[in-house]
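I opened the model today to look up a few residues and the ligand site. My notes follow in the order in which I checked things.

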Amino acid sequence: MTRKIVDVDVLVTSPSRNFVTLKITTDDGIVGWGDATLNGRELSVASYLRDHLGPALLGRDADRIEDTWQYFYKGAYWRRGPVTMAAIGAIDLALWDIKGKALGVPVYQLLGGAARDKILTYTHATGWDLPELLDSVDQRREQGFRAVRAQSGVPGLDKVYGVTKGAASYEPAGRGAGPVEEDWDTAAYLRHAPKILSAVREHVGPELKLLHDVHHRLNPTEAARLARSLEDVDLFWLEDVTPAENQRLLRTLRQQTTIPLAIGEVFNTVWDAELLITERLIDYIRTAVVHAGGISHVRKILAFAEVYQIKGAPHGPSDVSPINLSASLHLGLATSNFAIQEYMGYDPAVSEVFQSSFRFEDGYLHPGDEPGLGVQVDEDAAARFPYTQAYLPIARELDGSMKDW
Ligand code: CS2
Ligand code: MG
């Protein structure tokens, strides 16, 4: 018996921010949803799906998830990269959603069943200065979070990744015709970050898990200096200390510090992380489910990482849709070496379009028990929020040369 794919549609909607959503329909009337959102490059994935992969999906057997994954990965001459892998990821999520719905079970049951009761989650605290940041951390604790990422402004700079001046939450993409430009000053950051993070630790006491994201801004020497100055803060992790390309250089950093390192939100395949995993240059691998080919591929990355005692901690900011977040939670519930899920929550407009069954309670998330991934998409609501051009910012050194953002 085959379950044929009879329709493929791509929705681009912008309830407070842009999301690309894939809809696959089968001949027995089952609808599966996939997230295909790539922040600031949304239409490229939409076109890749509409113009290239979608037509090749028609008539295929929706039940053959692994074969379809291999068909679009191995079967293609042009491989890897964020656009390709997000498109394959969206198809993969939609097919897992269909299989769960066809069998009447939540996707985590198809992945081996629950390997834990609930998933630890962290959220963002942001404040331009220390008092604002401490307020933000306190608010997050009051909401029940047990793990918080703390980011602040840097003296002398006007804009810094991870913080929006005067706003309680952070949104990286700016709407408009081109990217916003930010200045960057490594020396000022290196002087400031240890003071801020030590003050946060002193304020919250020993128990709260504290995380910090460096967003690819340092070279390995600077990263070692920062890590050594943060040893006493007892961070849960230090994220993206260097650009993800210079992986071998992390060997020296690892000899300088025992601070756990998290890397990988810009990775798209297991090949991107091979050296980091086999040399255990990181403690947490951050690939987002949709950006690395979906559940089918990320579960292989996690299985590979498990051998090296590395844990999964997928990227999950507000710029991936609730469909990706749900997929991550199903995978996380069923995966033994899954550590923590990033969760920033969503603007209320997002839940007009995406109705999700996942729940947050007491610092933990659970995907819920609806068949499939547990996210319904309201297409009429989606149509009320048309796409708006948006870009991630870029950063420049003080002399005007380009910096990694
Ligand atoms: C960040 C993101 O969540 C994170 O760890 O690095 O906010 C990142 O800046 C955005 O996802 C980029 O789209
Ligand atoms: Mg990050």
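Where is H216 found? I worked from a predicted model, and I located H216 in the loop between β8 (209-213) and α7 (220-229).

**Entry 1: H216.** I then looked up the backbone angle of H216. Phi is near 65°, a positive value in a residue other than glycine. I noted this because most residues other than glycine have a negative phi. Next I checked accessibility. H216 has 9% relative accessibility, so it counts as buried, the cut-off being under 20%.

**Entry 2: R280.** I placed R280 in the loop between α9 (274-278) and β11 (284-285).

**Entry 3: ligand 1.** I went to the ligand next. How many residues surround ligand 1? I read 15, and the closest are H215, E239, E265, D319 and E342. By class, I have 7 charged, 4 polar and 4 nonpolar residues in the shell.

I then looked up polar side-chain atoms against oxygen atoms of ligand 1. For E342 the distance is 2.5 Å. For E239 it is 2.8 Å. For H315 it is 3.1 Å. On its own, ligand 1 has 340 Å² of accessible area, and the protein covers 95% of that. I also checked which pocket is concerned: the space that ligand 1 takes is the largest pocket.

**Entry 4: V163.** I found V163 in the loop between β5 (147-152) and β6 (174-175). V163 has a relative accessible area of 7%, so I wrote it down as buried.

**Entry 5: I259.** This is another loop residue, lying between α8 (250-256) and β10 (261-263). Why do I list I259 as buried? I do so because its relative accessible area is 4%, and buried means under 20%.

**Entry 6: Q355.** In which strand is Q355 found? I read strand β14, residues 354-356. Q355 has a relative accessible area of 35%, so I recorded it as partly exposed. Along the chain they are 46 residues apart, and their C-alpha atoms are separated by 35 Å.

**Recap.** I have H216, V163 and I259 down as buried. For the ligand, I keep the side-chain distances of E239, H315 and E342 on the page.

Conventions
Residues are numbered from 1 along each chain as its sequence is written. Chains are lettered from A and ligands numbered from 1 in the order in which they are written. This is a predicted model: local features need pLDDT of at least 70, side-chain atom pairs count only at pLDDT 80 or more; totals for chains, interfaces and linings use all residues. Side-chain values use heavy atoms; hydrogens and water are left out. A residue is near a molecule or strand if one of its heavy atoms lies within 4 Å of it. A polar contact is a pair of N or O atoms within 3.5 Å; within protein, one must be able to donate a hydrogen and the other to accept it, and residues adjacent in sequence count only if both atoms are side-chain atoms. Accessible areas come from the Shrake-Rupley method with a 1.4 Å probe; for residues, only the protein chains shown count as cover. On a 1 Å grid over the protein atoms alone, a cavity is a set of points where a 1.4 Å probe fits but cannot get out, and a pocket is an open set with protein on both sides within 12 Å along at least five of seven lines; lining residues have an atom within 4 Å of a point. A molecule sits in a cavity or pocket if more than half of its atoms lie within 2 Å of its grid points. Ala, Val, Leu, Ile, Met, Phe, Trp, Tyr, Cys and Pro count as nonpolar, Asp, Glu, Lys and Arg as charged, and the others, Gly among them, as polar. Helices (H or I, at least four residues) and strands (E, at least two) are DSSP runs, numbered from the N terminus. Buried means under 20% relative accessible area, exposed over 50%, partly exposed in between (1.4 Å probe, protein chains only).
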